[in-house]
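Please read it alongside the sequence and the structure.

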Amino acid sequence: MAGASATDDSSASTAGMRDDDRSLSGESLSEWRSCDQGESGSPSTSPPFWDTDYDDDDPAGPKPSELYGRHTWRIENFSKEKKREMKSEPFEAGGYKWYILVYPQGCDVSNHLSLFLCVANHDKLLPGWSHFAQFTIAVGNMDPKKIKYSDTLHRFWKKEHDWGWKKFMELSKIQDGFLVDDVLEIIAQVQVIREKVDRPFRCLDRPYRRELLRVYTTNIEQIYRRFIEERRNKLTKLIEDKIRWSSFRAFWSAIDPRTRHRMSREKTDIILKVLVKHFFVEKEVTSTLVMDSLYTGLKALEYQSMGKKGRTKIAELDELPAPMVNVDMDIFVLAGDVITLLERAALEPLPCQPVSPKDDKCSQSRMKDGSSGEVNKISMEREERRLTELGRKILETFVLSHIFSGIEVAYQEAVALKRQEELIREEEAAGLENETKGKRGGGANEKDKRAKKKQ
């Protein structure tokens, strides 16, 4: 995690349902998470797919910003509160009503503050309802460096209409700056998710996405590197096996150009469905950021493909590496010969790690220098480009792996057929040899018989 360590908090329903979460706090986290609050909102100079708040594939649908809500609840005389549980006023986010539920002395635990996000009027909703949301709950502090945050992703439904943290923070720590004039400030950010199963999608309000990106950049990097390295290891083993690699190259070269062209392409909807299923995990808070990176990565590929055809030209795309995959209407097409692309995918070095939040001087000097906000904005746009670069690389590798798997099946079938033909030839040769030996043996017997008759 970027700039903070995980605690042993656990996501849970008040009914006892549990799930892994990521609960974060610390100096660098609060600096990174608070730096967007003072942004001027001036337009970005990035290409459209970096800074828009809508999905090009569903322009009529609700924007992520329209599905986002933020609510602040100030509890006065908190240290004197004797109630077992307290509820905030209902607030709206994403077209639904929510409220914050707090247990001042803990829910089924001792010495901890318990916090939950709940669906309001859940008992009056129609059967089969569900609200899928990513949310953050924070407890404020007079020192902004000590704000306590926790994030999670959850599908709310009839039996899990409340979700949060039983051990959000220790009660003993609340007195350490979290109470200002005996007032406890709780902030909830709720992003309702409208996921798609057939292609990557936009799902986060842009400022909220930037906030999460600052926190989870390291996690996204790990997902990216783990995926790329798994595919790379398979290709490396193939290429290092000189006999097999030579055999595969010979197989590919022997195929006629029209068949090679056909085998080097695949419909986008077939691949994107598998891609979303592979990377969108409902219980993983980073899934929304990964999906966002895949969405912008796909847009980058589409724009590059359009630029190649001369229909559009965007200067920022010149900085991106030459694509391994092109998008032609609803088809993914390999941007070169399979052999060359496989070698490139296996040998091309991974991008360098981005600058960590601790080393980003602009976030540390933001409060001291009024001009650093613009510097920080430039830094954040660099991170967004980085996110797009990772998504594009994952998408290209996924497409290349998918298409190669089909070619590999054809290669294995060709190898098996060739081996079968060799076995048939060996059996025929062995049969012919036995037949020849039999004839020779028969001739010798006839000679022996004639010799005996003469005697």
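Strand E16 (residues 331-334) directs Ile331 and Val333 one way and Phe332 and Leu334 the other way, and all of these residues are buried. Buried denotes under 20% relative accessible area, exposed over 50%, and partly exposed in between (1.4 Å probe, protein chains only). The model is predicted: local features need pLDDT of at least 70, side-chain atom pairs count only at pLDDT 80 or more, and totals for chains, interfaces and linings use all residues. Residues are numbered from 1 along each chain as its sequence is written, and side-chain values use heavy atoms, with hydrogens and water left out.

- Helices (H or I, at least four residues) and strands (E, at least two) are DSSP runs, numbered from the N terminus.
- Strand E14 (residues 265-267) pairs with E16 in the antiparallel sense over 3 bridges, where pairing requires that DSSP finds at least two bridges between two strands.
- Within the pairing of E14 and E16, Lys267 has Ile331 as its bridge partner.
- Strand E15 (residues 325-328) also runs antiparallel to E16, and these two strands pair over 4 bridges.
- Asn326 stands opposite Val333, while Val327 has Phe332 as its bridge partner in E16.
- A hairpin is formed by E15 and E16 with 2 residues between them, and Met329 in the turn has a positive phi of about 60°.

**Salt bridges**

- The count comes to 23 salt bridges, each being a side-chain nitrogen of Lys or Arg within 4 Å of a carboxyl oxygen of Asp or Glu.
- Glu230 and Arg231 form one of them, with the closest N and O atoms 3.2 Å apart.
- Glu230 is partly exposed at 46% relative accessibility, and Arg231 is partly exposed at 23%.
- Arg344 and Glu348 form another salt bridge, with 2.9 Å between the closest N and O atoms.
- Arg344 has a relative accessible area of 23% and is partly exposed; Glu348, at 23% relative accessibility, is partly exposed.
- Arg385 and Glu381 meet through their side chains in a salt bridge of 4.0 Å, N to O.
- Both Arg385 and Glu381 lie in helix H11 (residues 372-454), where they are 4 residues apart, about one turn of the helix.
- Glu381 is buried, with a relative accessible area of 8%.

**Cavities**

- The whole structure contains 3 cavities of 30 Å³ or more.
- A cavity is a set of points, on a 1 Å grid over the protein atoms alone, where a 1.4 Å probe fits but cannot get out; lining residues have an atom within 4 Å of a point.
- The largest cavity holds about 80 Å³ of space, a volume being the space filled by probe spheres set on the points, which are joined across faces, edges and corners.
- The lining of the largest cavity consists of Ile228, Arg231, Arg232, Leu235, Met324, Ala345, Lys393, Thr397, Leu400 and Ser401.
- Helix H4 (206-240) and H11 each supply at least two residues of this lining.
- By class, the lining of the largest cavity divides into 5 nonpolar, 2 polar and 3 charged residues; Ala, Val, Leu, Ile, Met, Phe, Trp, Tyr, Cys and Pro count as nonpolar, Asp, Glu, Lys and Arg as charged, and the others, Gly among them, as polar.

- The structure holds 0 disulfides, a disulfide being a pair of cysteine sulfur atoms within 2.5 Å.
- Cys118 is buried at 1% relative accessibility, and Cys203 is buried at 4%.

- Most residues other than glycine have a negative phi.
- Asp108 has a positive phi, near 65°, and is found in the loop between strand E7 (96-103) and strand E8 (112-119).
- With a relative accessible area of 58%, Asp108 is exposed.
- Asn111 has a positive phi near 65° and has its place in the loop between E7 and E8.
- Asn111 counts as exposed at 54% relative accessibility.

Terms used
On a 1 Å grid over the protein atoms alone, a cavity is a set of points where a 1.4 Å probe fits but cannot get out, and a pocket is an open set with protein on both sides within 12 Å along at least five of seven lines; lining residues have an atom within 4 Å of a point.
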